[in-house]
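The following questions and answers examine how terms are applied to one protein model. Each answer sets a value against a definition and then concludes.

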Amino acid sequence: MDEESGEVLSQAVLAQRVGWCADLVVGMVSGLLAERWNCADVEALASGQDAGGRKLPSNAWMALRRLGWTATAPEGVRVNDRIVRMAQEQAGRALRSASWRADLTGGVLATWPADPRERTVQEWEQVRKAVPGGEHLPSSIVKSRTRQAAKFLAVTGRLPVDVLELEGVPRVARMLLLAACDRQQATIERSDTEPGRVLLRLQLPTRPDPRAYRDWTWVACPILLPPTVPAGAVLHLPTLRVTGRQVHADLAYSHPVPKARRTGHTVALGVDWGLNTLLGAGALRRHEDGRITALGAGGQFRAAGVLAKQHRLRRHSERLHAKADHYQRLAGRDERHHLVGKHEVLRAEIRHVSDRRQNLNAALSWAAAR
C-alpha cells in the first residue's frame, strides 16, 4: 500500500516500482564498477587499509566511502543517500570478490602449461605453489580457470593480462540490498498478534526518473514468513529481487542457539553426496562400552531422472560450444563472413541451454535441501 495516497498497489505495480528503484541502483553500480574495475583499485580494497593506514570498515559501502569512491545518479535524477549506499554496497562486494579470483588467475597465467588440456605432475605442483592456498584447492577450479584462459587465447591470440581483462566488467544484478540502509529508507517489524506476519516499509519512486524527493513515497509491503523462521528470531532488512511481475524478498534472521559442546556427544549424523545417490545420511550412537550402532537404515535422496536430464543438457551444451568455437575460428574477425549469423544463433541457443541448466540445478538443490 502507498502510504501517501492510501492506494492498495497490485503485485504488478509493486514489482514495477521496485524495478524502477533497482534500475537506478544498477546504473550507479555499473558506472562505479566501470571506473574501478582495475588491478590497483581491487588491490587497494582487498588490502583492508585506506591511504592513511587505517583499517577499512567491514561494510562494503563504508569502505568505499573511506577510499573516496562515490556513485552518482544520472543527471536530473534525485535519489537519497541510502540509494547511493545500496549501490556502493553492491559494487564493493563485487570488487572484493574479484580479489581471490585475481590471485587464482594470476597463478594460473604465471605457470601456463605446455598443454592446457592436461598438466603434468610438475606443472600441477607449480600452479599449486603459485596460487595462495593452492595445496588445498580442488583441481576442478584450476581446470575451469585454465579453460577460460585458453578460450581467451584462442580468440585473441594471446593470454589475458589478469582476471579483470579475462572476465571483463561483471554484469550487475537487479536487486536492492536493503541491509545497507537505515530507518530513513526501510524498516521491518513483526506483527504483535501474528508472529508469522511481517510489515516491510520502504521508500520507492513513483516514476522511473524521480526528479525530486516528492517523487518518492513510503510503501508498506506485508510479508508472510515460512514456518521455519522461529517466532523469537530477530529479523533483518531483506534483499529485494524482481522476477517478472513478482518481488522476492531474501530475508535473513538471527536467533540464539545452545553452545555446542566439544565432548560428551553420543549421537552423530553423517551426510555424504555422490553421483548415483545425490545425498545419503545416517545416524550413529556410541554406547558406554565403546560400541557404535546405527540408528535405523539411514536415508537417501535419489534424483536419477533429473541428473540424467542434467547430463544430457551438459553434453548438448558442450557440443554447442564446440560448434560455436569452430565457427569463430573459421570466421575470424570478418564481420561480413557468412558464418557470423549462424554463430549468433548458436550463441543464443547456448544461453538458452545455460538458463535451463541453471533452473534445473536450482530446483534440484532446493529439493535436496527440503
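Q: In which strand is Thr-217 found, and why is Thr-217 called buried or exposed?
A: Thr-217 is found in strand 4 (residues 216-224), where strands (E, at least two residues) and helices (H or I, at least four residues) are DSSP runs numbered from the N terminus. Buried means under 20% relative accessible area, exposed means over 50%, and partly exposed lies in between (1.4 Å probe, protein chains only). Thr-217 has a relative accessible area of 5%, and therefore it is called buried. This is a predicted model, in which local features need pLDDT of at least 70 and side-chain atom pairs count only at pLDDT 80 or more, while totals for chains, interfaces and linings use all residues. Residues are numbered from 1 along each chain as its sequence is written, and side-chain values use heavy atoms, with hydrogens and water left out.

Q: What makes the pair of side chains of Thr-217 and Asp-2 a polar contact?
A: A polar contact is a pair of N or O atoms within 3.5 Å; within protein, one must be able to donate a hydrogen and the other to accept it, and residues adjacent in sequence count only if both atoms are side-chain atoms. The side chains of Thr-217 and Asp-2 make such a contact at 3.1 Å.

Q: Which residues does Thr-217 touch, not counting residues up to four places away in sequence?
A: Contact means heavy atoms within 4.5 Å. With those sequence neighbours left out, Thr-217 touches Asp-2, Glu-4, Arg-17, Leu-202, Gln-203, Leu-204 and Thr-206.

Q: Why is Ala-249 not called buried, and how is Tyr-253 classed?
A: Ala-249, in strand 7 (residues 246-250), has a relative accessible area of 35% and is therefore partly exposed. Tyr-253, in strand 8 (residues 253-254), has 32% relative accessibility, so Tyr-253 also counts as partly exposed. Ala-249 touches Ile-223, Pro-238, Thr-239 and Leu-240, not counting residues up to four places away in sequence.

Q: What makes a set of residues a nonpolar core, and which members of the largest one touch the most other members?
A: A nonpolar core is a set of buried Ala, Val, Leu, Ile, Met, Phe, Trp, Tyr and Cys residues joined through side-chain atoms within 4.5 Å. The largest has 56 residues, of which Ile-83, Met-86, Leu-176, Leu-178, Leu-200 and Leu-202 touch the most other members. Helix 1 (residues 11-36) gives the most to this core, with twelve residues. Apart from this core lies another, of nine residues, including Leu-320, Tyr-327, Ile-350 and Leu-360.

Q: How do you know that the span of helix 9 is close to the expected one?
A: The expected span of a helix is 1.5 Å times one less than its number of residues. Helix 9 (residues 339-369) has 31 residues and reaches 45 Å from its first C-alpha to its last, close to the 45 Å expected. Helix 8, with 28 residues, reaches 40 Å, close to the 40 Å expected.

Q: Which residues of helix 9 are buried, and what covers them?
A: The buried residues of helix 9 are Leu-339, His-343, Leu-346, Ile-350, Val-353, Leu-360, Leu-364 and Ala-368. Their cover includes strand 10 (279-286), strand 11 (292-301) and helix 8 (304-331). In turn, what covers the buried residues of helix 8 includes helix 9.

Q: What makes Arg-201 a charge over the face of Trp-218?
A: A charge sits over a ring if NZ of Lys or CZ of Arg is within 6 Å of the ring centre and within 35 degrees of the ring normal. Arg-201 lies over the face of Trp-218, at 4.5 Å from the ring centre. Arg-119 lies over the face of Trp-124, at 5.4 Å from the ring centre.
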